[in-house]
Amino acid sequence: MKILIIEDEKILADSIKSLLESKGFDAEAVYDGETGKDYAELGVYDLLILDVMMPKMNGYEVARTVRKNRCSTPILMLTAKSSLEDRIEGLNAGADYYLTKPFDSRELLACINALLRRQGGQVDEMVFGNTVLDLSSSMLICGGREIRLSAREFDVMRALFQAKNRNLSKEAILAKVWGYDSNAVENHVEVYVGFLRKKLANIGSNIKIESIRRLGYHLEAEDDQKA
């Protein structure tokens with residue numbers, strides 16, 4: 001699961017990032033609302049952790065803007081403001097949950113897990129066509145045959161499984177798998193898609209990773225094409 005932290009208190013943001021990474025999450029932190037909005041609208045995150053009082057754009061403005069632009073990623077809003085009116089404003093802006101500072105790390109993790117469960121984000125496996133992607137073992141499984149994926153192959157495959165029939169651009173895959181600030185280029189995506197195509201064929205999967213020029217990649221199952 002990939003989580004974006006938008007928090008102008010750098011020490012707090014980095015401590016949350018370290019906490020999440022220690023629990024197995026892939027976390028990134030940015031330190032102002034405007035940058036946070038730009039990152040959030042990439043559509044590659046499973047959860048946004050959003051502070052209210054920030055430079056350039058406050059949290060309410062960020063939430064309203066990303067919701068207006070059809071970003072449905074769940075938002076956990078963090079703030080020192082604890083009045084009923086503040087909580088109502090946060091929820092009306094598009095937040096899914098409102099956590100008041102200071103908070104216990106256990107409460108933060110409980111809120112994150114609850115929001116991810118609500119979104120169907122915490123599962124043990126993903127299925128498309130006749131093939132299973134096991135999230136705990138990084139295995140692709142088809143019938144009685146299975147093959148292990150490298151860490152990078154797994155991240156690319158999971159992104160494609162999440163998108164299913166929806167086109168996922170190379171830029172979105174780069175941001176989701178390599179990170180927004182990575183030096184990786186589109187050729188990296190092409191190489192790993194090639195690896196995955198071979199592994200799918202090796203286990204007899206009916207999944208094809210199809211590419212559409214300038215739009216990116218999506219999954220198709222041969223049975224779907226015949227239907």
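This is a predicted model: local features need pLDDT of at least 70, side-chain atom pairs count only at pLDDT 80 or more; totals for chains, interfaces and linings use all residues.
Student: Okay, take Trp178 and Tyr192. How far apart are the ring centres, and what kind of pair is that?

Tutor: The centres sit 5.7 Å apart and the planes make an angle of 65°, so this one is edge-to-face. The cut-off for that label is over 60 degrees.

Student: And where in the chain are those two?

Tutor: Trp178 belongs to helix H7, residues 170-178, while Tyr192 is in helix H8, residues 186-202. They're 14 residues apart, and the pair links distant parts of the chain.

Student: What about Tyr192 and Phe195, how are their rings arranged?

Tutor: Their planes are at 80° with centres 5.4 Å apart, so that pair is edge-to-face. Tyr192 and Phe195 are both in helix H8, and because they're three residues apart, about one helical turn separates them.

Student: Which residues end up in the cluster, then?

Tutor: Trp178, Tyr192 and Phe195, joined by ring pairs.

Student: Switching topic: is Trp178 buried or exposed?

Tutor: Buried, because its relative accessibility is 15% and the cut-off is under 20%.

Student: And what does Tyr192 count as?

Tutor: Partly exposed, since Tyr192 comes out at 21% relative accessibility.

Student: How about Phe195?

Tutor: Phe195 has 35% relative accessibility, so it counts as partly exposed.

Notes:
Residues are numbered from 1 along each chain as its sequence is written. Side-chain values use heavy atoms; hydrogens and water are left out. Rings of Phe, Tyr and Trp (its six-membered ring) pair if their centres lie within 6.5 Å; planes under 30 degrees apart count as stacked, over 60 as edge-to-face and the rest as tilted. Helices (H or I, at least four residues) and strands (E, at least two) are DSSP runs, numbered from the N terminus. Buried means under 20% relative accessible area, exposed over 50%, partly exposed in between (1.4 Å probe, protein chains only).
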